[in-house]
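Please read the following briefing alongside the sequence and the model.

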Amino acid sequence: MSTAKMKRIIISILKYFTLILGGFISVLPIVVCVITAFKTPEEYASTNVMTLPKSWFYFENFIQAWSQANMGIAFRNSIIILVFVLAGSILTGSMLAYVLSRFKFRGNGFIRNLFLFASLLPGIAMQVSVYQIMYSLGWINFLPGYIIMMCGTDIISIYIFIQFFENIPDSLDESAIMDGCTYFGVFFRILFPLLKPAIVTVMILKGVGVYNEYYTANLYLQDKNRLVTVATSLFKFTGPLGNQYNYICAGVIITMVPALIVFILCQKQIYGGLAAGAVKG
Amino acid sequence: MRTGGVKARPAFYQRKECVGFMNEKKSFKAWITSGKVNRKLCIFTFMFVPVALLLVFTYIPFFKMIGFSFYDMKYIGEREFVGLKNYLEVFTRQDCFQALKLSLYYIVASFIQLALALYFASVLSFKVKGSGVFKGLMFFPYLVCGIAVGFIFKFFYTRGFVLDTVLQWCGFNLEQLPYWLRDTRINNISVAATSVWRYMGQGMVMFIGAIMSVDASLYEAGDIDGANSFQKFIYIILPSIKTIIVLNMILSITGSLSVFEPPYVITGGDFGTGTYFVIMNELAHESQKVGLASAMAIVLLILIMIATMIQKWVEKYYFGVGDAEPLREVRKRKKRLEAKGGAR
């Protein structure tokens, strides 16, 4: 065997070794959670965390976690928030992008810069005074208020929409106007349906953020019986239940399942969306 | 991020040219659909909601926060003007300053994360068996919500649990192992590692996207010249995606200054793991020192602005903006010309 061939084999062994190690480290914390979620309390107390459970059909932990963390209500609230926030921010974001990319008017650049500067302000720091505004609006513990606040369009989605509009030829707008369409008509009848790929990208980027949003949900939806979301529901396990890891792990797995399903179904779009969001510079 | 200017658009998007549509009748409907009015109406209605949201939830709070930072106040009740006292306190308080130092751990962590992401991205963008599976496994942590990550790692690091067991398999003795979340020598590293775990895959997917957009003919040319994978990485991939790498490095500095979730959820900021935002959150919402918390936010904002300005400068210096040449090249040429002139 030649040395070149030897070298190539060694490199590919190293390559697969690092890949397997990386994959192993990525799933290990999650796999251990799955294992623990299927253990009975006695098993949990007596066996090592890495030993497999006796039965993979012991669902008591999941039932317990579901009812103790109020997960039925949590999923309902999260779905409501997700649907309205996505609809709201996609509609407003794409409308703004249409105006900013197509119309030339005084203040166009100014408004772009307003959004650009806003993206520099760290979100959590802002909550110190946003809280005060939400408080004076009476929007603490008020789901529609929370949804409106979350709709505040972020620069990334506006940017993706603007980018997309730039690539749609003007001739489409032109022929619509010739046929007597108004500007509103141009947007809603002609351009909006063409935005589909950009909408998918924004839905993924924003959807992940909204579903996982913990800080603002915890701050503005304090009524944990009525207004709990999937992300905040797990907080139930910090108190006296803090050591019952068989329940906690079951709860963690439950919150992960929707993400896993979406991931398996739309893997391509998720990767594509992230890459599109990244190559923005 | 550059948003660019407004491209030249057809006449009907300009103010003076949008004379009217087909409708000539004088009615309300005709008026509303006439070019000029319709144009204004469209601009106004389409911008109203997003701009209003931006003002109410970003700019009004922002200016209010600047105001708050000069007061000693709570959310409700009396407030007292104290001038710059809050700012002085930010720099003299032990916990605030300590917290800023913690950012260093996260900066190092995010550089490690970028390096790993770059490594795996370049490995996976060549032919690898099961690349889809590896990519999926390493990416999935990004989709797990922050608080779940917190619980997963609380469990992972607990004495005698997952990490300790794995290390014992590798031959370590439990007695020698530290308490991962309590030992102040190591706990910040443990917590920062969780954010590497969570975000490495996202960086990897981003880099894969960037590498995929590299012109494939470059690789073919490399193959013809007999380049191996390592050479291809150094001479083809790295130069093509350096902009996005530098961008991410600077973003990770701003990100590291504003770390919040990992320490908040995993340790609650105990045992010296409270980052700047954890402290700020505590001050604002638990001890209700709104003025001090606002001052902290403003100080951080100034730091982030400085980092961003450096980023803009680096971008201009090394890569040029739009069609403009990078400043570095211009200066090099100038120097060369001067040297030539001097020799003569």
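**A residue and its surroundings**

Leaving aside neighbours within four places in sequence, A:Leu100 is in contact with A:Asn108, A:Ile111, A:Arg112 and A:Ile162, where two residues are in contact if their C-beta atoms, placed from the backbone, lie within 7 Å. The model is a predicted one, in which local features need pLDDT of at least 70 and side-chain atom pairs count only at pLDDT 80 or more, while totals for chains, interfaces and linings use all residues. Residues are numbered from 1 along each chain as its sequence is written, and chains are lettered from A and ligands numbered from 1 in the order in which they are written.

**More on A:Leu100**

- A:Leu100 lies in helix α4 (residues 71–102) of chain A, helices (H or I, at least four residues) and strands (E, at least two) being DSSP runs numbered from the N terminus.
- A:Leu100 counts as buried because it has 24 C-beta neighbours inside 10 Å; a residue is buried if 20 or more other C-beta atoms lie within 10 Å of its own, exposed if 12 or fewer, and partly exposed in between, with C-beta atoms placed from the backbone.
- Between A:Leu100 and A:Pro41, which are 59 residues apart in sequence, the C-alpha to C-alpha distance is 59 Å.

**Chain B and its side towards chain A**

- Chain B has 15 helices and 2 strands, and buried residues make up 38% of its 344 residues.
- Of the contacts in chain B between residues at least 6 apart in sequence, 62% join residues at least 24 apart.
- In chain B, 81 residues are in contact with 82 residues of chain A, and helix α2 (residues 35–68) of chain B gives the most to the side of chain B that touches chain A, with 20 residues.
- The residues on the side of chain B that touches chain A divide into 59 nonpolar, 16 polar and 6 charged, where Ala, Val, Leu, Ile, Met, Phe, Trp, Tyr, Cys and Pro count as nonpolar, Asp, Glu, Lys and Arg as charged, and the others, Gly among them, as polar.

**Domains of the two chains**

- Chain B is divided into domain 1 (12–68) and domain 2 (87–322), with bounds that come from an automatic or database domain assignment, and the C-alpha centres of these two domains of chain B lie 41 Å apart.
- Chain A is divided into domain 1 (3–58) and domain 2 (70–278), and 34 Å separate the centres of these two domains of chain A, taken over C-alpha atoms.
- The contact between the domains of chain A takes 7 residues from domain 1 and 6 residues from domain 2.
- On the side of domain 1 of chain A that touches domain 2 of chain A, the elements that give two or more residues are α1 (3–37) and α2 (41–46) of chain A, and α1(A) gives the most, with 4 residues.
- The residues on that side of domain 1 of chain A divide into 5 nonpolar, 1 polar and 1 charged.

- With 34 residues, α2(B) reaches 46 Å from its first C-alpha to its last, close to the 50 Å expected at 1.5 Å a residue, the expected span being 1.5 Å times one less than the number of residues.
- α2(B) bends by about 40° at B:Phe48, and a proline, B:Pro50, follows within four residues; the bend at a residue is the angle between axes fitted to the seven residues ending there and the seven starting there.
- Helix α8 (residues 187–212) of chain B has 26 residues and reaches 38 Å from its first C-alpha to its last, close to the 38 Å expected at 1.5 Å a residue.
- A kink of about 40° in α8(B) is centred on B:Tyr199, and α8(B) is mostly covered, with 23 of its 26 residues buried.

**Core and a buried asparagine**

- The largest nonpolar core has 165 residues, and those with the most contacts inside it are A:Val252, B:Ala148, B:Ile152, B:Met204, B:Phe207, B:Met280 and B:Met296; such a core is a set of buried Ala, Val, Leu, Ile, Met, Phe, Trp, Tyr and Cys residues joined through C-beta atoms within 7 Å.
- Not counting residues up to four places away in sequence, B:Phe207 touches B:Ala117, B:Leu118, B:Ala121 and B:Ile241.
- B:Asn248 has its place in helix α11 (residues 242–257) of chain B and, with 24 C-beta neighbours inside 10 Å, counts as buried.
- Not counting residues up to four places away in sequence, B:Asn248 touches B:Leu114 and B:Gly203.

**Loop residues with positive phi**

- A:Asn70, in the loop between α3 (60–68) and α4 of chain A, has a phi near 60°, a positive value in a residue other than glycine, and is partly exposed, with 17 other C-beta atoms within 10 Å.
- A:Asn141, in the loop between α6 (123–137) and α7 (143–151) of chain A, has a phi near 60°, a positive value in a residue other than glycine, and with 14 C-beta neighbours inside 10 Å counts as partly exposed.
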